[in-house]
Amino acid sequence: MLRIARVKKSLFIPSDSNEEKVFSVLSKHGDIVKLVKQHLSPVTASIFASPTVHKTSDEIEWSSELKGQPVLLTSLPKEQQQQAKKLLNDRLSAIARLSDELPQQTPENQRLQPLLKQALHYPSDDAVYVINGQPVITFWGVGGETKSATVTSPTTVMPAINQTQKITKTPRFISILGWLALLALLAFLIWYWLAKNPINWNDYNPFIDEYQQLVDQVKLADDDCLALDKIYQSNISLQRPEEKFTLIKQQVEGKLAICEAYKQLVNTIKLAQGNCLELTTILAENPYLKTPKGIFVALKQQLQNDIKLCEFYKLESIIKEAANNCPELDNILQNNPYLKMPEGSFIELKERLKSDIQRCEYNSLKSKIQKASGNCPELSNILKNNQYLQEPQDKFIELKQQLESSINLCTEYQALKSKIEAASDNCKLLKSIEKEDQYLQNADSMFVKLKQRTAKLIKRCEAYQALESSIKQAGKDCKKLKQLAKENDFLQNAKGKYAKLKRQLDKQRRPCEKKKIENLVNLCPGQRPKKLAPELVVVFDASGSMKHPAEISSKLQSLTQQMEQAQRSGNPLGVLALGVALNLEMSKYGPSQSRMYAAKKAVSSLVPKIPSDMNTGLVVLKKCSTAQKYRFYAPNERRQLLSEINRLNPTQGTPLGSGLSIAGSMIDGVKKPATIIIISDGEESCNANPCAIARQLARSKPYLTINVVDILGTGAGNCLAKATKKGKVYTARNMRDIIKMTEQAASSAIPKSCKK
């Protein structure tokens, strides 16, 4: 039931009226409505509002089965008032006719007839409401006269009498007998018909207008889709061919089409539940919701509520995900449209969000303070710039007090820390601080670490003094110096003043290390660790000049000098002529007389004499621009080494600088001695600077020796040998010299009188 109004009784019921009579009529509302519905349409019966009388109050509450918004008749525009009044008068007239002609056969009808007549009365138009165009009366049964249009009973129309018509008189008794016979016959016929077809007075309704009843049913159904469908399916009047019935059928079909659209829209909304964007799109784009009417008004409101609820849960989830992210929470609070002017549950959500932000900021601030512990500038910066500490409230007050206390304690801590660090090398002062400072005596919080730091510095300081004294006392005692370097923990990863002390120890140990490394070449296998055995690399010249004789005659020497002079002067004819002469002279010498042959013999003689714990490397000078690196050959691979050398043939170019650089990269020369033997008969011919390369190797490898076997004494390798402290040049002018000088050049790496 829809409540129409709650009105004071005194407004329409005069104090001198018979209230008991009025209320007796109102109490029969249900019977009166039932009676009207039996004989007229339900919509006609709906003009009587249902009263609820409050005995302890001066008010009566009025309700109706109609759906819609009740509006006072007098507040409607004039045109709408006229339409409503016409409907009201039509229905009151129909009820008035019913009350006049109501069959009297049943006691119930006899009892209700006077009440029905009384119900037609109402005080004024101020007691009339209109719901969706349908008039509804409150305070019906109050007043002396009905406010409806005058109801007139059907009049009997008598036929006009023609003055010229001749009247034939009939004897009176014959006329009476005729009428009696006619009445008897009529009574018999009525009795006979009733015997066959008894009257059901409940179904008796001589006042029904089928069209009007159909119109009233459709109006009463309004937007009730089930009721409309029932009318469409069961009311046969809709099938009648008259135009007015066709129009009302089209009206019902139109409403049912709207009902179907409503149903589809409800399903669409149901499927989109939880998807805020889709719900919002439906609200914005559905044509029935843009300018809603009828049932779509409530549906739009419901959809708007669904969107708000969806956005509420969505926002609640976003807030939950942003927990502990203070900037994100604040961004939500500032920018979410539902929180700018919150309504309903969003008001509570906004308050919860504010509380979350405050709690988040508190935890974040507390964490910042803890992380900044001991950092006085950072703590002061937090106190100065954090907005929640400027005018603190609630738990921020206590946090501010804690922060101020931490800053004071931090200041004391930093001062004491600086004092301790400044005295880090003064054992006496450190002990005095440890003994006298109150913060170290009652160490708490960060001062515990500072106390530990002081104790560590004292221990370190005492250990430093003891170590410094031990190093001085060790002097040049290599054994004691080695023991100190190996066993003292402070020297293993020396830092600060200990790094300086380690440098002093290393300086004192340097002669010991030098002597030790240099002495390695004097030890035989088994007397020295294998990993510290000296290294030996042979740089073998395989350039084109190595095919020349190892021993040059005066004639060959003269021709060679002339050729060099012709080449320098740019005399092509001279070069050609001298070349023929040189080749002719050279043809007198066999391969076994060449420098290459002599060099191979020298290396073959040397290799078996190399100690069994030494590896031997090989680099060959073949052609520009890069020498060829072979590798290191282990003692058990020496046959392979000699095989590689014996396969060599003179080619062109002498990349001496490149060969020296490659050999230098193969040896250590820092932790163990190394020797490079260069067997060559000429100068660099590939635009390198072997002298500079030798000097660089000597600087980076202090225990490197470069020895040069200078075939024919060209002097090309003199700068190489001079670059290292013990380097020498061994001049060889014939085959015997080459073999002998090669063995002497290797002596710096091979100890004497060792069993191989």
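Trainee: Which residue stands opposite Val709 in S11?
Mentor: Ile679 does. One thing before we go on: this is a predicted model, where local features need pLDDT of at least 70, side-chain atom pairs count only at pLDDT 80 or more, and totals for chains, interfaces and linings use all residues. Residues are numbered from 1 along each chain as its sequence is written, and side-chain values use heavy atoms, leaving out hydrogens and water.
Trainee: OK, and how many bridges join S10 to S11?
Mentor: Seven, between S10 (residues 674-680) and S11 (residues 704-711), and these strands run parallel. Strands here are DSSP runs of E, at least two residues, and helices are runs of H or I, at least four, numbered from the N terminus. Two strands pair if DSSP finds at least two bridges between them.
Trainee: What order do the strands take in the open sheet?
Mentor: The six go S9-S8-S7-S10-S11-S12, with mixed pairing. S9 (628-633) and S12 (729-732) each have a single partner strand, so one side of each is left without a neighbour in the sheet.
Trainee: Which elements have the lowest and highest mean pLDDT?
Mentor: Helix H6 (residues 172-196) has the lowest, 67, and strand S8 (residues 616-621) the highest, 94.
Trainee: And where does pLDDT stay under 50?
Mentor: Over residues 147-170, for one. Where pLDDT is low, the predicted coordinates should not be read in detail.

Note on methods:
pLDDT = per-residue confidence, 0-100. Contact = heavy atoms within 4.5 Å.
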